[in-house]
Amino acid sequence: MAQIAYFWDESSLGHDTGRHVECIERAERLHPEIMRERAPRLEHRPIVPHGAADWVLRVHETGHHDFVRTAHEHGFRALDGGDTRISEGSYPAALRAVDAALTAADEVAGGLYPAAFCALRPPGHHALPFQSMGFCLFATASILVRYIQEKHGLRRVAVLDWDVHHGNGTQHVFWEDPEVFYVSLHQHPLYPGSGLEDERGEGEGVDTTLNLTFPPGTPEDAYLTRFEGEAAAALRRFAPEFLIISAGFDAHKGDPLGGLRLTSESFARMTRILKEVAGEVCGGRIVSLLEGGYNLDALTSSVAAHLGALSEN
């Protein structure tokens, strides 16, 4: 069994959204002392400052960054038409989530750990270069891609997104990028309404976007069949040098925002498949980032299952 780098920070508790599904309790449930009881191979690692704001600007427009930084000071309590709540601690929490992802990449790319999981909030995969959206302030996974490319020289990067909602922000950033493969498995119809299967990229990025859609009520077996037969197979063909998982756990059958029928063990099975793929094509390098997951019990058990599978030899 391998040790897995685990990143969690109290800054996630400072992103106070009040009575909201994307709430402080999500971070409290994933505290390392709690999770270690379920996944004993995790190693809680310190987060190294990386000048996160500079890396945010690799993906986001300056105006967007500055708006998020100052919104609460100007009396805003929510962004994105009220969908994305913020507090005084939201901007620092979002930057800390970016720093955690970049630290995780350093430790995995440097061979210190085979894989890492970042249990920080807010999530990121809906954030557009110019706009917060869907509980997301900054596009953490997209920022991480640019960091891996620039800092570690690994140009071919894949992002596998199994959140129940389509990661429209990640898709937007890499829509015309031939070096980044974005794979999303998500319920449709569902927020944000994007991610149809004919959306495959444009220009030099044609066929480096893959969307697999599932109607509400899709059972586990049908989902996992497409996961292995289409998503994993496509990753093998692309052969990335680094794999990022946008790990939302809201496709769980108990989640209040989705209608799919996965279980906690489903996430373990998908993790094992991705570990096998990563072992074949990119030296096993995986960084997994928390996205959605709003049933607190299901979130805890699913993250534990994911970590357990990541730690398997």
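In which helix does Arg146 lie? The model examined here is predicted, so that local features are reported only at pLDDT of at least 70 and side-chain atom pairs only at pLDDT 80 or more, whereas totals for chains, interfaces and linings use all residues. Residues are numbered from 1 along each chain as its sequence is written, and side-chain values use heavy atoms, with hydrogens and water left out.

Arg146 lies in helix H7 (residues 140-152), where helices are DSSP runs of H or I with at least four residues, strands are runs of E with at least two, and both are numbered from the N terminus. Arg146 counts as buried because its relative accessibility is 18%, the term buried denoting under 20% relative accessible area, exposed over 50% and partly exposed in between, with a 1.4 Å probe and protein chains only. The side chain of Arg146 is joined to that of Gln149 by a polar contact of 2.7 Å and to that of Asp177 by another of 3.0 Å; a polar contact is a pair of N or O atoms within 3.5 Å, of which, within protein, one must be able to donate a hydrogen and the other to accept it, and residues adjacent in sequence count only if both atoms are side-chain atoms. With neighbours within four places in sequence set aside, the contacts of Arg146 (heavy atoms within 4.5 Å) include Trp55, Arg58, Val59, Phe174 and Val180.

Strand S5 (residues 115-118) is covered on both faces, with Ala115 and Phe117 buried on one side and Ala116 and Cys118 buried on the other. S5 pairs in the parallel sense with strand S1 (residues 4-7) over three bridges and with strand S10 (residues 286-290) over four bridges, pairing requiring at least two DSSP bridges between the strands. Phe7 stands opposite Cys118 in S5, and Ala115 stands opposite Ile286 in S10.
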